[in-house]
Amino acid sequence: MSDVSSSELRALMARVPSVDKVLASEEFVPLIGAYGRTQVLNALRDALDAWRISAQSGDAAANLAVRALDAAQLHATVAAALLARNASRLRSVFNLTGTVLHTNLGRALLPDESVRAVMTALTQPANLEFDLATGTRGDRDDLIDDLICELTGAEAATIVNNNAAAVLLTLSALAAKKEVVVSRGELVEIGGAFRIPDIMSRAGAKLCEVGTTNRTHLKDYEQAINARTALLMKVHASNYAISGFTKEVGIEEIAPLAHARGLAVAVDLGSGTLVDLGEWGLPREPTVRETVAAGADLVTFSGDKLLGGPQAGLIVGRRDLIAKIKKHPLKRALRVGKLTLAALEPVLQLYRVPEKLTERLTTLRLLTRPAKDIHDAAQRVLPALQQAIDARYTVAAEPMFSQIGSGALPVDVLPSYGLVVRMTDGKRGGRHLLALEKQLREMARPVIGRIADDALRLDLRCLEAADEAQLIAQLIAQPKSN
Ligand SMILES: *Cc1c(COP(=O)(O)O)cnc(C)c1O
């Protein structure tokens, strides 16, 4: 088996230098300066161990590698290992998926005002829970609840880690050991772990399903109400749509029924937009204000979906119910940190100037970006992309449709533009397209597109000016792979 005799092996092992000698060598000084002695020592030990193991393996190729090993190669191996180990795991990517609010890519991008506020909050003490008027302990919700109420017409508000937390907390505080009436058409699962029936049981509430998947009537709710009922709940179907022979009962019908029986209506709005998107020609979604006005006693929604802010869950509604929610022990476990509040406040402030919203609120700017603008970007990026990939692929700029994402308006699409890469020979190119998708994903700043209909599609809606320049520079610098 072995290609080396024991004497050869001994000779090889003798070539492995001592750790101390290598560490003391001149070329290792900058590495120790950059990463510290401990990390360099560990990386060096790993490299030398790997070297010894391959020497002992008796494998001819490995032995050749060992024979060829020299100080420069050892240094390169250690430097590469340290660089990889110390690189940030959370990396910027180019979102060319065509989904603006992409949950896996971090949803909403925040405006500069939020960036500045977060930087300040990170580096300076703040009145997070300190009442500056009285010099006594304050409540972190007080920093933004006025603003939220102003923008939604609600009496009171509180904020937690995300919308799933908002729903869990609301049900825990108001419906534990009681029943919650929900239409069967609204028992949705939103992205894996968030399922209404599961959240319900986690909160200790009993789900009382009414109606059918496609049709639920007011009398279904009415007949379900009993002495144990705590809430009537409505859930935005978010990521699915039913069409055809359907009927759902609106909040304006459910609310009078609930109120006549002394019950409350809770609405999980999901995306929860604060403005009428129809104004900009986007598909209409019920706003939080309309939902409150229609009679909802509580409304829960996400901070990082259509609102365009940081990850958060907002609960707005009746003062007495919000007070009860805030007293529940889970509120403490689900509360937001100062960075979230710092990022959210400037976003909410932007809504006070609705006429500038499409310019200043990143999410809305991306959603309303004119197709012509995206078309022009596609023309500028096209030559750089064609140059970066090999001749087996051909790039074309083509119209396509973007999605809003994050469960908002699942069936509606926005006219967009992008680059479409197909096989030059007209073949389907399954594995070649996968290889190209991987090549783009492995770039310094990964480019994330999607494969559909035998083509790799890069929707340029979310590629704004600075990113466009960076992408073109990265593509041009790319060594051609063949
Ligand atoms: C998105 C969504 C959630 C979950 O919100 P997160 O902020 O992601 O926790 C809950 N309910 C509905 C209806 C949703 O659309």
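These legends go with close-up views of salt bridges and of the ligand site in a predicted model.

**View 1. Glu129 pairs with Arg140.** The closest N and O atoms of this salt bridge are 2.8 Å apart. Glu129 is partly exposed, at 23% relative accessibility. Arg140 has 7% relative accessibility, so Arg140 counts as buried, because the cut-off for buried is under 20%.

**View 2. Glu129 and Arg140 belong to a network of salt bridges.** Arg137 and Arg335 are the other members of this network. Side chains of opposite charge can pair when their charged atoms come close. Across the whole structure, a search finds 31 salt bridges.

**View 3. Arg228 forms a salt bridge with Glu179.** Their closest N and O atoms are 3.1 Å apart. Here, too, distant parts of the chain are linked: the residues are 49 residues apart. Arg228 lies in the loop between α11 (218-224) and β9 (229-235). Glu179 lies in strand β5 (residues 179-183). The relative accessible area of Glu179 is 6%, so this residue is buried.

**View 4. Asp276 and Arg284 form a salt bridge.** The closest N and O atoms are 2.8 Å apart. Asp276 is partly exposed, at 25% relative accessibility. Arg284 is also partly exposed, with a relative accessible area of 45%.

**View 5. Residues surround the ligand.** Among them are Arg107, Asn162, Asn163, Ala164, Ile190 and Phe194. His236, Ser238, Asp268, Gly270, Ser302 and Lys305 also surround the ligand. The shell divides into 3 nonpolar, 6 polar and 3 charged residues.

View 6. Arg107 brings a polar side-chain atom to 3.0 Å from a ligand oxygen. Asn163 uses its backbone: an N or O atom there lies 2.9 Å from an oxygen atom of the ligand. A polar backbone atom of Ala164 is 2.8 Å from a ligand oxygen. On its own, the ligand has 380 Å² of accessible area, and the protein covers 94% of that area.

Technical notes: Residues are numbered from 1 along each chain as its sequence is written. This is a predicted model: local features need pLDDT of at least 70, side-chain atom pairs count only at pLDDT 80 or more; totals for chains, interfaces and linings use all residues. Side-chain values use heavy atoms; hydrogens and water are left out. A salt bridge is a side-chain nitrogen of Lys or Arg within 4 Å of a carboxyl oxygen of Asp or Glu. Buried means under 20% relative accessible area, exposed over 50%, partly exposed in between (1.4 Å probe, protein chains only). Helices (H or I, at least four residues) and strands (E, at least two) are DSSP runs, numbered from the N terminus. A residue is near a molecule or strand if one of its heavy atoms lies within 4 Å of it. A polar contact is a pair of N or O atoms within 3.5 Å; within protein, one must be able to donate a hydrogen and the other to accept it, and residues adjacent in sequence count only if both atoms are side-chain atoms. Accessible areas come from the Shrake-Rupley method with a 1.4 Å probe; for residues, only the protein chains shown count as cover. Ala, Val, Leu, Ile, Met, Phe, Trp, Tyr, Cys and Pro count as nonpolar, Asp, Glu, Lys and Arg as charged, and the others, Gly among them, as polar.
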